[in-house]
Amino acid sequence: MSGDFMNGLADTLAEQFHGGPTNVSWQRALGGLSAEDASKVPAALPHSVAEVVAHVQFWQVYLLRVFRGERPSWPGSAAEGWPDPGEWEILRTEFLRDQEALSAYARTPTFLEQLDHKGRPRSLPLLSFAGHGLYHLGQVVSIRQALGLWPPPGGGDTW
């Protein structure tokens, strides 16, 4: 594939970790949330914003470990992928930091073409994880809407 195509693909993939060009960003979606508000679970919904962020962070850390050459154990159950959120400001900071690390990997065409230990291009788990993150970004917006905490102070789509 041409260098221009790969660079464009890398840039587009990298954008997805922040929310992409057609969604509110994670930074904005999490903006202005106190620890108390982030831990509220709306009626009829299963999770708080903090729980969703802790879940996505669990998988961000997992994927970053894989990219560093580690082979972390796959969780034995879905519940293991939903850890206790802990302290909100620390979680939020680490989440955004690790999101940027994954975005940096995605911006590197040579990394995207590398093969993992199973012979698959590194671009595949990045693409899959980007979609996973966008799914949960939508949940965060819905949770905030259900709590009457939308739009965030920095603004966000209201439709």
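Which residues does S103 touch, not counting residues up to four places away in sequence? In this predicted model they are A14, F17 and H18, with contact taken as heavy atoms within 4.5 Å. S103 sits in helix α5 (residues 88-106); helices here are DSSP runs of H or I with at least four residues, numbered from the N terminus. The C-alpha atoms of S103 and H18 are 7.9 Å apart, although 85 residues separate the two along the chain. With a relative accessible area of 0%, S103 counts as buried (under 20%, using a 1.4 Å probe and protein chains only).

A word on ground rules. The model is predicted, so local features need pLDDT of at least 70 and side-chain atom pairs pLDDT 80 or more, while totals for chains, interfaces and linings use all residues. Residues are numbered from 1 along each chain as its sequence is written, and side-chain values use heavy atoms, leaving out hydrogens and water.

D116 turns up in the loop between α6 (109-113) and α7 (123-146). D116 is buried too, at 12% relative accessible area. Its side chain reaches the backbone nitrogen of K118 at 2.8 Å, within the 3.5 Å limit for a polar contact, a pair of N or O atoms in which one must be able to donate a hydrogen and the other to accept it; residues adjacent in sequence count only if both atoms are side-chain atoms.

Technical notes: Helices (H or I, at least four residues) and strands (E, at least two) are DSSP runs, numbered from the N terminus. Buried means under 20% relative accessible area, exposed over 50%, partly exposed in between (1.4 Å probe, protein chains only).
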